[in-house]
Amino acid sequence: MADGTGPAPLHLVLGEDEFLAARATSAVVAAVRAATPAGEEPPVVSRLGGPDVTAPQLLELLSPSLFGEARIVVVTGAAELGKDAQSAVLDSARDLPEQTVLVVQHTGGGRAKALVAELRKVGAQEHPAGKLTRHTDIVGFVRSEFRGLNVRVPQEACEVLVEAVGKDLRQLASACSQLVADTGGKVDVEAVRRYHSGVVGVSGFTVAERAVTGDTAGAIEALEWALHTGVPEVVLADALADAVHSVMIVGTQRGAPSADLARQGLPPWKVKKVAAQTRHWTIDTLGSALQVVARLNGEVKGQAEDSFYALERAVREVGSLAGG
């Protein structure tokens with residue numbers, strides 16, 4: 001496997017996201033196994049690592065095998081390896097035995113931070129596994145998931161799914177595959193809302209959207225359902241604040257380049273939707289609504305004796321301001 005015709009013998013999975021790191025490692029293992037010649041046993045996978053692993057343990061797995069069997073050695077938690085263990089990994093990485101593949105999972109920090117640069121120097125194939133924090137990157141992850149499932153999904157549907165499920169990549173990946181299975185690959189905005197109507201983001205999104213368009217009765221009905229299905233009060237408050245702030249951004253930056261608005265968390269499809277909502281608002285009513293959601297933020301985090309009442313009052317106030 002080190003002859004240049006198959007998978008690389010040395011891999012560096014770099015980043016703090018456990019799901020992406022596990023997925024990248026699984027992909028390497030699958031590729032190596034797929035490259036196993038017909039009639040041969042697939043490689044044995046061994047995993048070890050962390051602050052307690054010793055150099056002898058590593059060298060035992062990474063030394064030439066008496067029987068010449070194929071092996072995949074996965075070193076986890078490499079950021080916390082001790083000095084001797086680091087040396088063992090690096091010495092082995094420079095001259096891996098035939099039919100041995102080494103995968104090193106490293107966060108990029110820790111006491112073994114220097115190991116990353118050394119593995120790069122010896123030619124490790126790198127697999128990114130950094131945490132995704134920007135909204136656009138998370139939506140991009142969802143789009144890539146659907147592409148991997150051979151399904152074309154509109155941008156807006158990906159956005160709504162992120163609002164529905166949240167930022168946990170494992171849950172998003174599961175939701176993508178489940179949606180494709182449930183819809184036969186016909187995933188659009190309505191499908192996302194239909195299958196995730198009781199999920200945190202959609203419930204909070206529904207309450208907020210109805211409130212900022214002046215549909216107070218509908219917003220209160222959605223609020224009661226969201227709370228009944230277990231949506232956290234803090235999430236609902238955040239959704240209402242986000243809706244009000246979005247109206248403020250679009251309403252006060254008419255004509256701004258779409259790229260500028262996107263950097264503020266407003267992709268083109270959302271700008272179009274929020275632009276329609278701005279007709280319900282004036283500068284004065286927006287100012288009042290911003291004060292309402294600012295107050296609500298503190299109330300749902302412990303300042304109010306009854307956070308449910310605080311939520312209901314804020315939703316009614318925002319709905320009344322929009323309706324006025």
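**Core packing and helix contacts in the predicted model**

In the predicted model, Phe146 is in contact with Val151, Val153, Cys158, Leu161, Cys176, Leu179, Val180 and Val187, when neighbours within four places in sequence are left aside. A second, separate core of 37 residues includes Ala219, Val231, Leu266 and Trp281. Phe146 itself belongs to the largest nonpolar core, which comprises 38 residues. Within this core, the residues that touch the most other members are Phe141, Val142, Phe146, Leu161 and Leu172. Two or more residues are given to the core by each of helix H1 (18-34), strand E3 (71-76), strand E4 (100-106), helix H5 (135-148), helix H6 (155-165), helix H7 (169-183) and helix H8 (189-195).

Ala24 is located in helix H1. With a relative accessibility of 11%, below the 20% cut-off, Ala24 is classed as buried. Beyond residues up to four places away in sequence, Ala24 touches Val13 and His127. A distance of 9.6 Å separates the C-alpha atoms of Ala24 and Leu12, which are 12 residues apart along the chain.

A further contact involves helix H10 (residues 216-228) and helix H15 (residues 307-323), whose axes come within 9 Å and cross at roughly 155°. Because angles over 145 degrees count as roughly antiparallel, H10 and H15 are assigned to that class. Their crossing is right-handed. From H10, the contact involves Thr216, Ala219, Ile220, Leu223 and Leu227, which meet Phe308, Leu311, Glu312, Val315, Arg316, Gly319 and Ser320 of H15. By residue class, this contact consists of 7 nonpolar, 3 polar and 2 charged residues.

How values were computed:
Residues are numbered from 1 along each chain as its sequence is written. This is a predicted model: local features need pLDDT of at least 70, side-chain atom pairs count only at pLDDT 80 or more; totals for chains, interfaces and linings use all residues. Side-chain values use heavy atoms; hydrogens and water are left out. A nonpolar core is a set of buried Ala, Val, Leu, Ile, Met, Phe, Trp, Tyr and Cys residues joined through side-chain atoms within 4.5 Å. Buried means under 20% relative accessible area, exposed over 50%, partly exposed in between (1.4 Å probe, protein chains only). Helices (H or I, at least four residues) and strands (E, at least two) are DSSP runs, numbered from the N terminus. Contact means heavy atoms within 4.5 Å. Axes are lines fitted to C-alpha atoms, for helices over the stretch in contact, and angles run from 0 to 180 degrees between N-to-C directions. Angles under 35 degrees count as roughly parallel, over 145 as roughly antiparallel, 65 to 115 as roughly perpendicular and the rest as oblique. A crossing is left-handed if the near helix is turned anticlockwise from the far one by less than a right angle, and right-handed if clockwise. Ala, Val, Leu, Ile, Met, Phe, Trp, Tyr, Cys and Pro count as nonpolar, Asp, Glu, Lys and Arg as charged, and the others, Gly among them, as polar.
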